[in-house]
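Reader: Please take me through one part of this structure in close detail. I would like one connected account.

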Protein chains: 2
Amino acid sequence: MNKQELIKQIKTKRSFLCVGLDSDIKKLPACVMNSDDPVYEFNKAIIDATAPYTVAYKPNLAFYEATGVKGWISLEKTIQYIKDNYPEIFIIADAKRGDIGNTSALYARSFFEEMKVDAITVAPYMGQDSVSPFLSYEGTWVIVLALTSNPGSHDFQLTKDENGEMLFEKVLRTSQNWGSDQNMMYVVGATQGKSFENVRNIVPNHFLLVPGVGAQGGSLEEVCHYGMNNECGLLVNASRAIIFADNSDNFATVAGEKAKDYQLQMEEQLKVHNIV
Amino acid sequence: MNKQELIKQIKTKRSFLCVGLDSDIKKLPACVMNSDDPVYEFNKAIIDATAPYTVAYKPNLAFYEATGVKGWISLEKTIQYIKDNYPEIFIIADAKRGDIGNTSALYARSFFEEMKVDAITVAPYMGQDSVSPFLSYEGTWVIVLALTSNPGSHDFQLTKDENGEMLFEKVLRTSQNWGSDQNMMYVVGATQGKSFENVRNIVPNHFLLVPGVGAQGGSLEEVCHYGMNNECGLLVNASRAIIFADNSDNFATVAGEKAKDYQLQMEEQLKVHNIV
């Protein structure tokens with residue numbers, strides 16, 4: 001999916017919500033556990049309930065790998081289900097991969113040729129040749145970790161270099177030479193508040209994938225205040241706050257309601273910023 | 001496997017060779033391609049031929065994920081084969097994972113509870129809570145990327161902070177507080193030559209996993225000169241230079257000979273450093 005198509009979806013659905021399919025088998029409601037593939041059953045119900053309010057789904061690979069081969073089967077089926085039923089929705093493999101060049105090329109093959117997702121998250125520590133192989137595909141995206149939402153983001157990402165530039169700023173500045181705002185996005189955590197201003201100074205036009213709203217405590221309004229540009233430029237992710245909002249037989253309906261709550265808040269922000 | 005058992009293996013086999021099972025299905029010899037599971041057939045033959053000279057195997061996950069579910073099945077079977085037939089050999093999942101705390105915990109479950117490997121490689125960009133969950137298991141190891149072997153290692157890892165400390169040095173220094181030399185190792189590329197001295201100044205006692213000898217051009221002698229400590233403290237990895245040394249029906253025999261070549265060079269170094 002290219003940038004213009006993504007922006008069109010955002011305007012049509014009046015939403016920039018990304019639903020994180022962090023479908024931990026240990027947290028699923030009892031009513032799906034009799035299925036042959038509980039994770040897939042759960043995901044299908046969540047997807048059907050949330051799709052009207054959602055422009056992107058983001059399965060985090062950890063929650064699938066946790067059960068080995070079974071988990072990979074659930075993941076492949078889930079991706080296919082989205083593609084078959086909601087082809088307008090952007091799919092992000094939250095994998096945080098990154099390796100030496102020839103090896104990253106293999107990861108790219110896995111995610112873009114086998115699974116056919118739209119985007120993959122990548123860690124920047126190993127530099128250009130670990131990221132570039134993901135950029136050689138048409139119509140797909142690399143989402144580079146810049147400033148993450150977790151406490152450990154302070155350990156290295158905020159380290160200032162000799163010129164006073166923080167590591168996450170250097171990652172943003174340097175990596176712009178590897179791709180463009182048509183095939184790269186950046187992860188910036190909603191918990192980082194005012195740092196969004198620094199981010200937007202360096203990458204005014206790139207889309208940002210923003211985790212940390214909801215369970216991690218980030219504010220949607222603050223994210224939009226500092227991070228939204230005139231094409232929206234944001235995909236805001238919520239995972240647990242939507243998919244595990246309810247644990248009864250009614251889980252999917254409640255997830256849909258939560259997604260709609262986010263959508264309404266997002267529509268308000270899109271109006272404030274004159275995008276819809 | 002604990003540190004003393006690993007050192008004992010190194011002394012017994014007079015080797016600190018780690019064979020990288022980067023078994024790219026597109027590079028396998030024709031003679032295994034009629035099998036139901038060519039990657040597993042190839043790995044079994046490589047393992048049987050190289051095990052006498054090897055203290056560790058390191059499958060890089062990228063080469064298994066590249067074929068999706070099939071690849072994960074090959075990987076799980078390969079790990080089980082090593083555990084059943086060569087229980088004394090250390091198994092490293094070269095996965096370069098790392099995510100927010102609750103998510104890294106899921107990766108840890110996958111690799112340490114499901115696959116039961118001895119060690120996993122982890123990227124440090126997201127800081128302490130992305131690494132710590134891997135440290136809560138008994139007898140397993142986290143191998144943190146410090147200074148990698150690829151050209152992109154220069155993009156961020158060598159960036160000096162305000163105090164003149166390079167990022168990889170800060171990673172080494174900071175992460176020592178998260179674990180100990182009994183459950184953490186570091187990746188330091190063989191192509192980094194004299195930088196090993198800096199590494200050993202900061203982490204004198206930790207084992208280092210050293211890729212980049214062989215196809216990437218690093219020198220074993222140089223690595224040992226700067227990196228070996230009085231417990232050896234090195235696992236030197238070779239992948240393509242061993243497993244793809246020959247592409248005929250004779251591939252496994254040639255791989256065994258290459259592994260033996262490395263073992264003999266390593267024995268020489270262990271003698272020079274008075275370890276055997």
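**Strand pairing and the barrel**

Author: Start with a bridge: A:A119 has A:W141 in β5(A) as its bridge partner. This is a predicted model, where local features need pLDDT of at least 70, side-chain atom pairs count only at pLDDT 80 or more, and totals for chains, interfaces and linings use all residues. Residues are numbered from 1 along each chain as its sequence is written, and chains are lettered from A and ligands numbered from 1 in the order in which they are written.

Strand β4 (residues 119–122) and strand β5 (residues 141–147) of chain A run parallel, joined by 4 bridges. Strands are DSSP runs of E, at least two residues, numbered from the N terminus. Two strands pair if DSSP finds at least two bridges between them.

In chain A, a closed barrel of 8 strands runs β1-β2-β3-β4-β5-β6-β7-β8, with parallel pairing. From one strand to the next, the twist averages 30 degrees. Axes here are lines fitted to C-alpha atoms, and angles run from 0 to 180 degrees between N-to-C directions.

Now look at strand β8 (residues 234–238) of chain A, which holds A:A238. A:A238 counts as buried because it has 29 C-beta neighbours inside 10 Å. The cut-off for buried is 20 or more other C-beta atoms within 10 Å, with C-beta atoms placed from the backbone. A:G20 lies 218 residues away along the chain, yet its C-alpha atom is 5.8 Å from that of A:A238.

Beyond four places in sequence, A:A238 touches residues including A:L17, A:V213 and A:Y262. Contact means C-beta atoms within 7 Å.

How values were computed:
Buried ≥ 20, exposed ≤ 12 C-beta atoms within 10 Å, placed from the backbone. Contact = placed C-beta atoms within 7 Å.
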